Each structure stands twice: as C-alpha cells, then as structure tokens.
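Hello,

Here is the structure I promised to pass on.

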Amino acid sequence: MVFLGGQVLPGNVGRSILGPFADQRAVDALNHSLGVDRPLLVQYGSWIWNFLHGDMGTSYVFRAPVAPFVMDALGNSMKLALVAFVLVVPIGILGGVIAALNFNRPLDRIISLGGLSVTVLPEFVTGIILILIFGVWLRWLPIAAAWPKGAGFLTQLYYLILPSLPLFLVLFGYIARMARSGMIEALDSDYTRTAVLKGLPWRTVIWRHVLRNALLPTITVIATQTGYLIGGLVVIETLFRYQGIGSLIFTAARGKDFPMLEAGILTIGIVYAVATLIADFLYSVLNPRIRLGAEQ
Amino acid sequence: MSATDTAKLPAPAAAPDTAPRSPWGEVLHSLSRSGTFLTGLAIVVFWIVCALFGQYFVPYDPLASDIINALTPPSADHWFGTDQLGRDVFSRVIVGSRDILTVAPLATILATIAGTALGLLIGYFRGIVDDIVSRVLEAFMAIPVVIIALLAIVALGTSKITVIVVIGLSFAPIIARTVRSAVLAERELDYVAAAKLRHEGALHTMFVEILPNVIPPILVETTVRLGYAIFAVATLSFMGFGIQPPSPDWGLSISSNYGMIGGGFWWTVLFDALAIASLVIGVNLVADGVHGAFND
C-alpha cells in the first residue's frame, strides 16, 4: 500500500524531477535509468526483494543509497523516543496510581484533568509553549535538538529533554488514565478485600495484589501508543530541526523523493509491528492467565 | 416574607424534574447542568463568533502588511504585537479561526457519514463482510493520520478539499468501529426481528429501524472526533500540508514565525498557540459533557 501511494499516485517521476519544461526524451531516459518505466508488478516485486536484502533503493534527490540515511535517522529517533519513554512510563504510572489512591479527592482531579488537557493538545502547540518557557524566557534548555558533533551522552541528553517533553505530555495523559482506571478496578475487587481482611499490611496489598493486576492494561496502551508516537515524531522533529525518521519522511515528502519516503514509512511499519509483538509477549509474561500457545 | 418567597421559588422549577421527560429532553437537561459542557460550549461559541464576524470588528486588516512596523512587541496600538511582515497579530488570531472551523467540522461530518454507513453495513451483515472490512479498517487505523495525510497530499496536492477528504476518510474507520459495536447489540432486539418478519429490506432495517437507535454513540464519537480533527488540521497546517498562505490560520502562522523565536519574538507564536489550545480544550470539554449526558 505504501508502495502504491508513493509510486503510482504521483504520476511521471522523471517529469516531476526535471520539471515541466524538460525535453520529453530526457524525461524518458531518466525514467528508464530509474527503472520506473517497467510494469508496476515488476517494480513492486523487485522493490520488496531488494528491501528484504537490505537494499532500500536510491534516493532521487541525493543520488545515493537510501539505507544509510534511514538507519541514521532511525537511530536518532529512537534516542528521542527512548528519552520520552523512560520519562513517561514511570511518571505516568505513578501519576495514575496516586490519582487512584486519592480517588475523587482534589489531587485526583488535578492529575486527571491536567493529564486530559495536555493529551488533547497538538504536539507543536505544547512544543512551542515549552520552547518559549524553557528556551526563550528561562534560557535553561537549547531550542533546537542539534548538538555539536561528537557530543557525549550527557550533552545529547541535555539537548533531547525539551523535544521529548511534548511527547511526554501527550503520553502522560493516556498512561496515567489507564493506570488510574486499572488501579480503581483492582482496589475495588474481591481479591483486594480478601488480602486486606486476612490482615496483610496496606503496603503489601498495594504492591503484591493491586499493582500487578492494575498495570496489565497499561502495558497494552503503552504499546499501542508507539503508532501515535511515530506520528508525533514527524511533528516534533520538524519543530526542533532534529534529524530523525520523522523529519526524513517529511523532507522526502516535500522533495518528492519517493524511494526515501517509501523506505522511511516501511521502516516505521516494521518498528510498529515489532513494538506490538513485544507488548503481546510482555503481557503474556506478566499475566499468568494468558500463555501464548497454551492448550485450552 | 422575602425569605419564604425565595425558599418557595425553586418549587415550580423542581416540579418538571418529576414529570416524565422525553429521552432527548433528559439529555438536554443534564447538558444544561454540566459545567464541563457549558464551559466548553462558551469557548467554542466564542471562536465561532470570531470566525463569522471577526473581520468586522478587528482593529486591522489581518492580511495588510506594514513592513516599517514589523516585529514590534505588544503595545497599545498592537495588543499582541506585529509579525515579520508587520501584520497585526491580534487581528490575525481572531480571524485565524475561520479556516480551521470550516475544514475540521466538514472533515468530521464526512467521517461520520462514511463511518456510520460502513458501521451499519458490517454490523448488520456480520459474517465474512465484517471479517474482511474490519481487518482492512484495522490496518488503516494502525497508520498515523499524519503519515496518511503526508502521502495523500504529496500525491494529490495541497488544497482544503484534500485535507477534508484525508482527515474524513482516516477518521471514518474509528466511527465505523463504534457504530458496528452498537449495531451488533441492537440487531438482536425484537424490533429488528419484527422488521424482518414484515419483510422489510436490509437497507430499510438498517437506516430506518436501527440507525435512530444508535444515534447517541454516534453523536458522542462525532464530538470526540471533532476535537481530533482540529488537532489534525492544525498539525497539517503547521507542517505546511494544510491550509495555505496568506490565510491567517493559527498553525500556519506558527510555522512561518517559529523560526524566529530564538530571537525573542515570542508574541508572533504564543497567541496562536494559546488559541489552538483553547479551541481544542473547548471542543474536548463539550465532548466530555455530551459523553456524560448520554451515559448517566
């Protein structure tokens, strides 16, 4: 589908590279050298075949293989996503747990309403406001995620904090809400009451009985948010001028660099599939009631 | 005397509470008492008024540039300052609601119509139709809207119609899924069996018998989608794939001005960002209120 979207719809590739005034013979020659004058199925077959062998094609714009660009960008994006995830998963779960333990009290209201409000805002809006506060007014953090060449881990981290915050805010709302509703349900359950009634200390009840059950749905949410995260990365990387997979796709789309665009999007698809698989696996490890492939 | 008078006053108002009310009257009544809904409605109405009549009361022409007074900070003359072309930011923010408030609702209506029709079909026929269509819809939902939009807009070119169609069609599966699950519950009820016994056609049963009974979930989902549609339109405009210059659209203004915030020209983006934030939160408050009113 990605292939069809990228390759068929734009029409004449040679024409769009050379512009409307180019000689028809030049257009034909270029089309032939790029291989786009072959039948569609043949093109599709060879594209998939090459992709599986690590050859993602040649960029129309850079006239160089796509693969190194995509791999670099993917690495950068993973750094950014990792910073956001490392921040948001514990804090989001903690927020949800605190909200649930203070159910219907002011603290719960603040966390729930605040989480909901920041979740619904577009990333570039929260991004702009955060840039203004921390980058322009307080001058604590750099406003572009472009660290000097050869910067160490901590410097890179320093540059990545601000870009990861808008992603953090969006994900925080989802994760906190799931953790909260999971907690409330678990706190209300029979096994919690049994645990309390048999005299276990409250702390043990929460840790051993409530949390384990409450956090299962949260894991699924975290995994499904990978898809969202990728959409968010396109925006955030553009806003912070960060050389990640999102800005790669964006630039490729603007420059009509279709091999780059297709490779970028297919890579994202693979990352998404792997993330979903890992989540399914984690879920089954944590939940003894579901074992993959278990006999009924 | 006056004390007893005021004490008596609520009595006639309370009387209708006990009187039987139509289901829709019930919903309207609980909406009119929901603080969330009314706050959201006030924000949304404010922006609708700005979109419709803003051009008549803003102090400056939002498109008129005045290079000599470019980038002046907020003052008595220009409440929100001026942008890089010397255009009045206040006037642009007020009038900037117009395009997003046409494109986002139209996209939502398209999504609702397409999604409802599809959901009715797959929910009513179930079986193999449902299996195939549902899998296709799931595949679509796995791709972030930004990516779909990027591909479609690269292929089809940028126009308001493209944005409406892209957002409408990428939201339709989500509405279809909601409608489907509502229809699955309804189709087992007696009135559907009665319609079948009367030999009503499938289309009649779907659209005349079942549809009126699944309006509440559709209405809730539509208001929620409207919030996301505004999110998506703003994001696409910011990326340069949505509403085009010289429209004073908020996302577009941010994208053309945020390059300069490192120089401290915060007023060129802050007010647009706050405007988007208020509109998105307003629509979400309305959606929350509608959801609450139908589920009480």
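**Notes on Leu71(B) and its surroundings**

Leaving aside neighbours within four places in sequence, Leu71(B) is in contact with Thr82(B), Gln84(B) and Phe265(B) (in contact: C-beta atoms, placed from the backbone, within 7 Å). This is a predicted model, where local features need pLDDT of at least 70 and side-chain atom pairs count only at pLDDT 80 or more, while totals for chains, interfaces and linings use all residues. Residues are numbered from 1 along each chain as its sequence is written, with chains lettered from A and ligands numbered from 1 in the order in which they are written.

You will find Leu71(B) in the loop between helix H4 (35–57) and helix H5 (89–95) of chain B (helices are DSSP runs of H or I, at least four residues, numbered from the N terminus). Leu71(B) counts as partly exposed because it has 18 C-beta neighbours inside 10 Å (20 or more would be buried, 12 or fewer exposed). Trp267(B) is 196 residues away from Leu71(B) in sequence, yet their C-alpha atoms are 8.8 Å apart.

Now for the two chains: 29 residues of chain B are in contact with 29 residues of chain A. On chain B, helices H8 (145–156), H12 (215–239) and H14 (267–294) each supply at least two residues of the side that touches chain A. H14(B) gives the most, with eight residues. By class, this side of chain B has 24 nonpolar, five polar and no charged residues (nonpolar: Ala, Val, Leu, Ile, Met, Phe, Trp, Tyr, Cys and Pro; charged: Asp, Glu, Lys and Arg; polar: the others, Gly among them).

Best wishes
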